[in-house]
Amino acid sequence: MPKLTIDGREIEVEAGTTIIQAADLLGIEIPRFCYHERLAIAGNCRMCLVEVEKMPKPAASCAMPVGEGMVVKTNTPAVRKARQGVMEFLLLNHPLDCPICDQGGECDLQDQAMAYGSDKNRCQEGKRAVPDKDYGPLVQTMMTRCIQCTRCVRFISEIAGTPVLGGLGRGEHLEISRYVNAAVSSELSGNLIDLCPVGALTNKPASYTYRAWELKKTESVDAMDALGSAIRVDTRGNEVIRILPRVAEDVNEEWLSDRSRFACDGLKRQRLDKPYVRKDGKLVPATWNEAFAAIAAKVKAAGTKVAAIAGDQADAETMVAYKDLLAALGSQAVDCRQDGAKLDASVRASYLFNSTAAGIEEADALLIVGSNPRKENPVLNARIRKRWQKGGFKVARIGHKGDLTYKYEHLGDDASILKAVAEGKHPFFEVLKNAKKPALIIGQGALSRADGAVLLGLARKLADAAGLVRDGWNGFNVLHTAAARVGGLDLGFVPGQGWRDVDHIVDGAHKGDIQVLFLIGADEVDMKALGEAFVVYQGSHGDAGAHRADVILPGAAYTEKSATFVNLEGRAQQTRLAVFPPGEAKEDWRIVRALSEALGKPLPYDSLKAVRERLAKASPVFAAIGQVVPAAWGAAFGAEGSLGDGALVSNVDNFYQTDPISRASKTMAECTAAFGGGCNHKHKKTGTHG
Amino acid sequence: MSNHSYEPESFAFTPEYLEKAKAFIAKYPAGRQQSAVMPLLDLAQRQEGWVSRAAMEVIAEMLDMAPIRVEEVATFYTMYNRKPVGTFHVQVCTNLPCMLRGSDDVVAAAKATLGVEFGDMTGDGKFTLSEVECLGACVNAPMMQINDDYYEDLTAESTKAVLEAFKRGETPKPGPQNGRQFSCPAGGPTALTELKFEGGKA
């Protein structure tokens, strides 16, 4: 391992490390625009010049590998002069419109110009202007501000895997542009905004609505998909302005999917801000007490004929409170699997993404069953692509045939193929068996079928036969789409022995065997099938559930409460309150607590701390915040039986609108119109786009 | 970068050019076929006279690369024409050595003879006049390139003569237009005029 000295400090790093990486390890700051640690090295901005002893010229530290005994100086007059020269060139064509630029205040170029910029312009010529490009409804372009660092080009080609951006022309005429017959419809396109070191690519939905320094920043966790990406919620007053990713190496690295980032305008629309009670067929505003009284009257008459279904964004605190409340009422008819997925709550390993998100990068063979990871979880899909790019990774897929941004062998879309693989009758079985770390991803599209339990059983069979679970490796992965799901299964929000599951609850409501049904943000249930049942909808948005409801209890969205979600890996994480719920809406578990009082069955916890202690009792997972609690492989799960007909398809059809928040989002509606649900980057356009 | 009206709907290599394209691709090891992008763009240009978007997409498909990567190459090199050109593409060099040797006269003569400005095509589609950077023939400055041939040591008169000849359908002899052989001194050799070997023997 070469040893080198940077600014008089010695460091030993691995061979192949570049000078800038070594300096970063030492905490020595070197300015950079084009260099980004997760992208390929370009070396074209020249801002990172340093002096290396015995080298005749300044070296670009981002592209210069370290050598034994190298002596690097990052802060000498020569280095400063070189960087000033680079900055002068960068500013030659850069408009000085910082006062009206959305990047102002968080702009790398602005910051570095303070350090290396001149107060005078020696250039007599006019600046060049570049026409703006059409990057779709999410990314605003101001191409005159572009300094051609090519981070966006590299991101969209390498990480997102949808190579539609490039540098056209040369020299003075170089422009970063989109291929004219392709839209920038990557599900990760919002990351371009974060990567752009200047104001060339900015947040289109939020453009001209904020200055970076006036926003309050709250570190939280995403609940728009099951990965639970680390996010930062930027707010002003009681309004969420934007959502940005945070670095979380094990979860989302530093990427965020477009839905998680841009659906935040949905938090302001279609909100339930006061309780409603249905009177004479119409929902009329009511007080909390009136709403509780209406529920209490019905619950009293219903006896144990009450049930609860939790939606995709229900938090663990609320679910455990409902579970306890219904138990106190004598019912165990609760279910957190509103899509009817045949997940088995009794064996934890059967519903987790056991390899973990980061662990999938170690796999060397992968079978994807009934899932479209690109639509269901773009950030996780980017991990799979990252693994694929390293080579030596065989991927096969049973399901819909479409572009996943990496090459895979399409085995077909019939469920019988999984059976053939599981029984060793398909050549891909040998691939999995001979791999060092084989993995399987089974999606909700497969598990929510009528024969989902059989498919789960086959997956288990395959896992055992092909050795997916080995010493220190568990390659059995369930890809969830709902943020609430794993938490719900962990705390046991599933029907007790002999009680109704979601299908039978709906059936029971239809037949009158379930008289009171609590929907906890559950909007994907067939509302027309609920018959005469008294429906209580607790949630944040006026979606399908609220329309059917007899009583509406206005709850908080994930940005408005401190709540626990367990991500698909089995990692419990907590959101933080960034803004207050609108109007009279309340933190969800408190509503349940108040309701329990009104029903005469007060729950034994009054504080968030006490609820969380209750959660920790339900499962130790909830006590280990931020950590993956691995699951033992354990007993067999799934069922044996015959497979149904029909192709395996993903449960996510439109990536942009999957839940009440994104369905209320105008931005997501625009994306749906522009990109038709994602995965469509060969979208032909006519006329004069761009 | 919009789709211009002159962009054709589709493109296909003729069998002859397809054969050549395959030969170029075969020159590179498997998995490195993208290296053939420049020769393929050249073939497309030789076939059509210019590189259309449809051609770039066909090439991208043949080489298993993104169309934007092909477009990057095609727009980087000015030798690839990104819009239709006439049968004869007249490229006049105006860089320093040519300018010092009188390229302004050559440009004026070319414009007058063809009746078009730089970047334009004549109405009959026969000529396109372009201003280009150094073509590497400074010893014979000023010069212009017409399709694959260099016409060098030009004056206003010889420029006009060359272009008129093309107009008549003739192909004038390429190379220096002032009688010089290659880049020999203009007035004939001034050194090594006689053979002289060591020992004084001829």
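Visitor: Where is Ser186(A) found?

Guide: This is a predicted model. Ser186(A) sits in the loop between strand S8 (175-178) and helix H5 (191-195) of chain A.

Visitor: Is Ser186(A) buried or exposed?

Guide: Buried means under 20% relative accessible area. Ser186(A) has 3% relative accessibility, so it counts as buried.

Visitor: Which residues is Ser186(A) in contact with, leaving aside its neighbours within four places in sequence?

Guide: They are Ile156(A), Ala160(A), Thr162(A), Asp258(A) and Tyr656(A).

Visitor: Tyr656(A) has a ring. How do I read aromatic rings?

Guide: A pair of aromatic rings is described by the distance of the centres and the angle of the planes. Over all chains, the structure holds 15 aromatic pairs. One of them joins Phe655(A) and Tyr656(A), with 4.9 Å centre to centre and 70° between the planes, which is edge-to-face. Both Phe655(A) and Tyr656(A) are buried.

Visitor: Why is the pair of Phe76(B) and Tyr77(B) edge-to-face?

Guide: Planes over 60 degrees apart count as edge-to-face. The planes of Phe76(B) and Tyr77(B) are at 75°, so this pair is edge-to-face, with ring centres 5.0 Å apart. Phe76(B) is partly exposed, at 34% relative accessibility. Tyr77(B) is partly exposed too, at 28%.

Visitor: What lies over the face of Phe76(B)?

Guide: Arg170(A) does, at 4.3 Å from the ring centre. Elsewhere, the charged end of Arg53(B) sits over the ring of Tyr179(A), 5.5 Å from its centre.

Visitor: Which residues form one aromatic cluster in chain B?

Guide: Phe88(B), Phe127(B), Tyr151(B) and Phe166(B) do.

Visitor: Now a helix. What should I know first?

Guide: An α-helix has 3.6 residues a turn, so residues three or four places apart point the same way. Now take helix H14 (residues 452-466) of chain A. At 1.5 Å a residue, its 15 residues should span 21 Å. Its end C-alpha atoms are 21 Å apart, which agrees.

Visitor: How many of the 15 residues of H14(A) are buried?

Guide: Eleven, so H14(A) is largely enclosed by the rest of the structure. Among the buried residues are Gly452(A), Val454(A), Leu458(A), Arg460(A) and Ala466(A).

Visitor: What comes just after H14(A)?

Guide: Gly467(A), which takes a positive phi of about 70°.

Key. Residues numbered from 1 in each chain as written. Chains lettered and ligands numbered in written order. Predicted model: local features only at pLDDT ≥ 70, side-chain atom pairs only at ≥ 80, totals over all residues. Heavy atoms only, no water. Helix = DSSP H or I, 4+ residues; strand = E, 2+ residues; numbered from the N terminus. Expected span 1.5 Å × (residues − 1). Buried < 20%, exposed > 50% of the residue type's maximum accessible area, 1.4 Å probe, protein only. Phe/Tyr/Trp six-rings, centres within 6.5 Å; stacked < 30°, edge-to-face > 60°. Lys NZ or Arg CZ within 6 Å of the ring centre and 35° of its normal. Contact = heavy atoms within 4.5 Å.
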